[in-house]
Amino acid sequence: MEIKAHKFAQSKDYQDYFKVISEFPEIVCSETHQYLLLHASDFLKNNHDDLSKQYLKAACIVNYCLELGKDGTALFFARYYFNFFLFFFFYLFLFNFNLI
């Protein structure tokens, strides 16, 4: 599980997070959340601020998915992608871009 958690934490954007969770859905558990928080605090103690933020963000994503319930992962990423596409189409509408 540790290797999967590290792979998840080292993702760069939400698409990568979604790919890793899709590949390893078992990492969405409280043990992974605690493991990521532990490593975030260790990195912070060793003055690796960027890694600490990265692991903390990954821990928050796992926690959000857990808090949303049984379909938490799908709900979390659906909301993220919905907001992205909503912004994208609003931008296109605002500047009168045509997709066709």
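Predicted model: local features only at pLDDT ≥ 70, side-chain atom pairs only at ≥ 80, totals over all residues.
Contact is taken here to mean heavy atoms within 4.5 Å. In these terms, the cover over the buried residues of helix 3 includes helix 1 and helix 4.

Helix 3 (30–45) comprises 16 residues and spans 23 Å from its first C-alpha to its last, close to the 22 Å expected at 1.5 Å a residue. Its buried residues are Thr-32, His-33, Tyr-35, Leu-36, His-39, Ala-40 and Phe-43. Because these residues cover an arc of only 165° around the axis, they lie on the same side of helix 3. An α-helix has 3.6 residues a turn, so residues three or four places apart point the same way. On the other side of helix 3, Gln-34 and Lys-45 are exposed. Within the buried set, His-33 has a relative accessibility of 17% and therefore counts as buried, the cut-off being under 20%. Leaving aside residues up to four places away in sequence, His-33 touches Ala-59, Val-62 and Asn-63.

Helix 3 is followed by Asn-47, whose phi is positive. This residue occupies the loop between helix 3 and helix 4 (49–67). The phi of Asn-47 is near 60°, a positive value in a residue other than glycine. Most residues other than glycine have a negative phi. With a relative accessibility of 65%, Asn-47 counts as exposed.

The largest nonpolar core contains 21 residues, and those with the most contacts inside it are Phe-8, Leu-36 and Ile-61. At least two residues of this core come from each of helix 1, helix 2, helix 3, helix 4 and helix 5 (72–94). Helix 4 gives the most, with 6 residues.

The structure holds 7 aromatic pairs. In one of them, the ring centres of Phe-76 and Phe-77 are 5.0 Å apart and the planes stand at 90°, so the pair is edge-to-face. Phe-76 and Phe-77 are both buried. A single aromatic cluster is formed by Phe-8, Tyr-14, Tyr-17, Phe-18, Tyr-64, Phe-76 and Phe-77.

Charged side chains were examined next. Side chains of opposite charge can pair when their charged atoms come close. A search of the whole structure finds 2 salt bridges. In one, the side chains of Lys-4 and Glu-26 meet at 2.6 Å, N to O. Lys-4 lies in helix 1 (residues 2–9) and Glu-26 in the loop between helix 2 (14–23) and helix 3, so this pair ties together parts that are 22 residues apart in sequence. Lys-4 is partly exposed, at a relative accessible area of 27%, as is Glu-26, at 42%. A salt bridge also joins the side chains of Glu-23 and Lys-7, with an N to O distance of 3.5 Å. Since Glu-23 lies in helix 2 and Lys-7 in helix 1, the pair ties together parts that are 16 residues apart in sequence. Glu-23 has a relative accessibility of 47% and counts as partly exposed, and Lys-7 is partly exposed with a relative accessible area of 40%.

Notes
Residues numbered from 1 in each chain as written. Heavy atoms only, no water. Helix = DSSP H or I, 4+ residues; strand = E, 2+ residues; numbered from the N terminus. Buried < 20%, exposed > 50% of the residue type's maximum accessible area, 1.4 Å probe, protein only. Salt bridge = Lys/Arg side-chain N within 4 Å of Asp/Glu carboxyl O. Phe/Tyr/Trp six-rings, centres within 6.5 Å; stacked < 30°, edge-to-face > 60°. Core = buried A, V, L, I, M, F, W, Y, C linked by side-chain atoms within 4.5 Å. Expected span 1.5 Å × (residues − 1). Arc of directions from axis to C-beta.
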